[in-house]
Amino acid sequence: MKRFTEKIIEGILKLSGGVTSIIILLIILFLFKEGSGLFNNSSIEKGYVLSVNPANPVKTLSPKQVKEIFDENITNWKEVGGNDEEIKTFRFEEIFDLYPDEELDGEILSQRLSDEISKENGIIAFLPERYLLTSFKGKLLESNNVSLSEFFLGKEWFPTAVPAAEFGILPLLLGTLLVSFGTIAIALPFGIAVAIYLAEIADPRIRKFFKPIIELLAGIPSVVYGFFGLVVIVPLIQKIFGLPVGETGLAGSIILAIMALPTIITVAEDAIRTTPRVMKEASLGLGATHWQTIWRVVVPYSISGIMAAVMLGIGRAIGETMAVLMVTGNAAVMPTSLLEPVRTIPATIAAELGEAPVGSTHYQSLFMLGCILFLLTLIISLSVEFISGKKKNNN
Amino acid sequence: MNTDILNIKRKRRSQAITFGLFRVLSYMVILILLVILGFIIYNGAGSISWNFLTGYPEDGMTKGGIFPAIVGTICLIIGSMVFAFPIGIMSGIYINEYAGNNWIVKFIRIMTNNLGAIPSIVFGLFGMALFVNYLGFGDSILAGSLTLGLLVLPVVIRTTEEALKAIPDSFRTGSLALGASKLQTIRHVILPMAFPNIITGLILSVGRVSGETAPILFTAAAYFLPRLPHSIFDQVMALPYHLYVISTSGTNIEASKSIAYGTALVLIVIVLLINILANFLRKYFGNKVKMN
């Protein structure tokens, strides 16, 4: 009997051993399930259609063209492959300016819409689907699905634009990379210097004193870092650089660098500490100074561990949400410098998911962003695994 | 000969400069921590009062207290621990005591590290897709706790694993040689010995949970809810989300600034207490183990 219960408990232990793998599988499954619909979806709002005059030869428009047309940046059908005719945009609400309300009851409204579209040659109308009659005279534009190239290479992120939303993630991707790059540029030299100091130079008492400090720095919640950045660093940057707004990529990089420091310091220090004493003593015995030994022997020996520290720091910077959301200004434009507001992928998800209706194109695009973020960090943590695995083989 | 001495002197000087620079940078880490803590304590201390800690938010969150947020955070901490601790500890035991050293362990370890590296906002997305929508929990303590539990699971597993690894094999073989079964060995010898280290790690993971915002944005957190939760299917306010809301998108950001400082201070104090407790336990148990 006792053996039997032991067998059961051991079985449960075995199951729980696989739980992380199962969770990762579930995450992949659900993220892709929610996001994959994106490329089968039109960027035009659900329940709405775009319609043109039946005589118009244009069959389909890309979301970008639709947006340009309704922003009146494109004013002639010639520019989108049609006849040389001026474009007249028509939104559904405009029908109420043409006719008094009492003349627009029920079917009459639909009739009037149909007439309006067949009357004007250059018209393009944005209408709710439910007002279309079977006898509708206008020609419906085929709605274009969001394409892979639009998603990955598009430079405009206007997920809620009407009539056609745009889902170009390039500005978000570049924003994320820019902020991460800035973070590493600050945190890497800083962190490695501290790690070398703690592992090689400082005496053990100082090292002991630093341990809880670094732990505490790692323990401060990201939202508190964000708050500190918002009330201290953002105004400071605005003043120093004389900018119109202080919420910039630089503010994000500084805050993220502080947040990444504990990770980089701990991992790099552990790596540096693994250098065998014999190697150091041999170097010192040959007449090298302490610094030469560190630079020529210790650092090259522990370089893979230091690389792992850097990768972990980058991973932290790419995925961090709240602090970045609070200090970077969140402008979804192509970033050109660290002194402008930028928007990262995690910040976009955090800021927009609350307003995106479940199942909408916008919602799906945000889950797709989540997939991309997941893949990015997966690549990073696998390469960390690879780097530190290589090290073990060398020994 | 003379140039050699000059060379050595120059090397010495450059070494002194470099080491000096490294030392300055290291002490800057302490300075950064002190500045952040000092700034928040200095500005937040004024808004801490009994009313603030036990009152409900009023006037569009520009006045009143943060009691519902404190309660909400405690609910989420307890919920996630109930979920993550047993599974995480069992998983750690399996990896260290049973699995041996083969490709399965390697795979599990890589997966655990991967799970630990996934950004918190991705956990938020996953929690929303699985718990809130698919399983139909809605925005609730349950969904939020499960999401946070997943987030700290790798931490719990790694902590347990490290703690078990630190126990010398002689204890295992000794117990087995006395006729105990493997499970008895784990239950009566290994776990009691590893307990202090496990507890310390678990306490630190509580700190992590208490400050996480992104995973609960879409799974549990309420913007404004001036009452206490009735069941695990209720939405709650939470301290980190509250701080985010009143410092970025509140109705009147300037007027709620003192509340924001106060909330940040409460969060910092929680984290400080947890760290102090963990360090204390480490020292306390450390001495005890040595005496044995």
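I started with strand β1 of chain A, residues 48-52, and found it mostly covered, with four of its five residues buried. A reminder to myself: this is a predicted model.

**Entry: the sheet in chain A**

Which strands make up the sheet around β1, and in what order? I read the order as β2-β3-β1-β4 in chain A, four strands in an open sheet with mixed pairing. The edge strands are β2 (88-91) and β4 of chain A, each of which pairs on one side only.

Then I went through the pairs one at a time. Strands of a sheet pair through backbone hydrogen bonds, and they can do that in parallel or antiparallel fashion.

- β2(A) and β3(A) run in the parallel sense, with four bridges. I looked up A:K88, and its bridge partner in β3(A) is A:I123.
- β1(A) pairs with strand β3 of chain A, residues 123-128, in the antiparallel sense over five bridges. Here A:S51 has A:A125 in β3(A) as its bridge partner.
- β1(A) also pairs with strand β4 of chain A, residues 139-140, again in the antiparallel sense, over two bridges. In that pairing I see A:V52 opposite A:K139 of β4(A).

**Entry: the domains of chain B**

Next I moved to chain B. Its domain assignment lists domain 1 as 2-47 and domain 2 as 50-291.

On the domain 1 side I wrote down B:L37, B:I40 and B:S47, which supply 60% of the area that domain 1 of chain B buries against domain 2 of chain B, more than any other three residues.

I also checked for polar links here. Across this interface of domain 1 and domain 2 of chain B there are zero salt bridges, and one residue pair is in polar contact.

**Entry: chain A against chain B**

How many residues does each chain bring to the contact? I have 76 residues from chain A and 75 residues from chain B. Chain A and chain B bury about 6,900 Å² between them, with 81% of it on carbon and sulfur atoms. In chain A, the residues that lose the most area to chain B are A:L13, A:L216 and A:F227, together 9% of what that side buries.

The count of salt bridges between chain A and chain B is one. I found it between the side chains of A:E215 and B:R282, at 3.5 Å from N to O. Twelve residue pairs are in polar contact across the interface of chain A and chain B.

**Entry: one serine**

Last, I picked out B:S247, which sits in helix α9 of chain B, residues 239-248. Buried or exposed? I checked B:S247. B:S247 counts as buried because its relative accessibility is 8%, and the cut-off for buried is under 20%.

What does B:S247 touch, leaving out residues up to four places away in sequence? I listed A:F227, A:L230, A:M326 and B:I253. A:F227 was already on my page, as one of the chain A residues that lose the most area to chain B.

Notes
Residues are numbered from 1 along each chain as its sequence is written. Chains are lettered from A and ligands numbered from 1 in the order in which they are written. This is a predicted model: local features need pLDDT of at least 70, side-chain atom pairs count only at pLDDT 80 or more; totals for chains, interfaces and linings use all residues. Side-chain values use heavy atoms; hydrogens and water are left out. Buried means under 20% relative accessible area, exposed over 50%, partly exposed in between (1.4 Å probe, protein chains only). Two strands pair if DSSP finds at least two bridges between them. Domain bounds come from an automatic or database domain assignment. Buried area is the accessible area (1.4 Å probe) that two parts lose on being put together, summed over both. A salt bridge is a side-chain nitrogen of Lys or Arg within 4 Å of a carboxyl oxygen of Asp or Glu. A polar contact is a pair of N or O atoms within 3.5 Å; within protein, one must be able to donate a hydrogen and the other to accept it, and residues adjacent in sequence count only if both atoms are side-chain atoms. Contact means heavy atoms within 4.5 Å.
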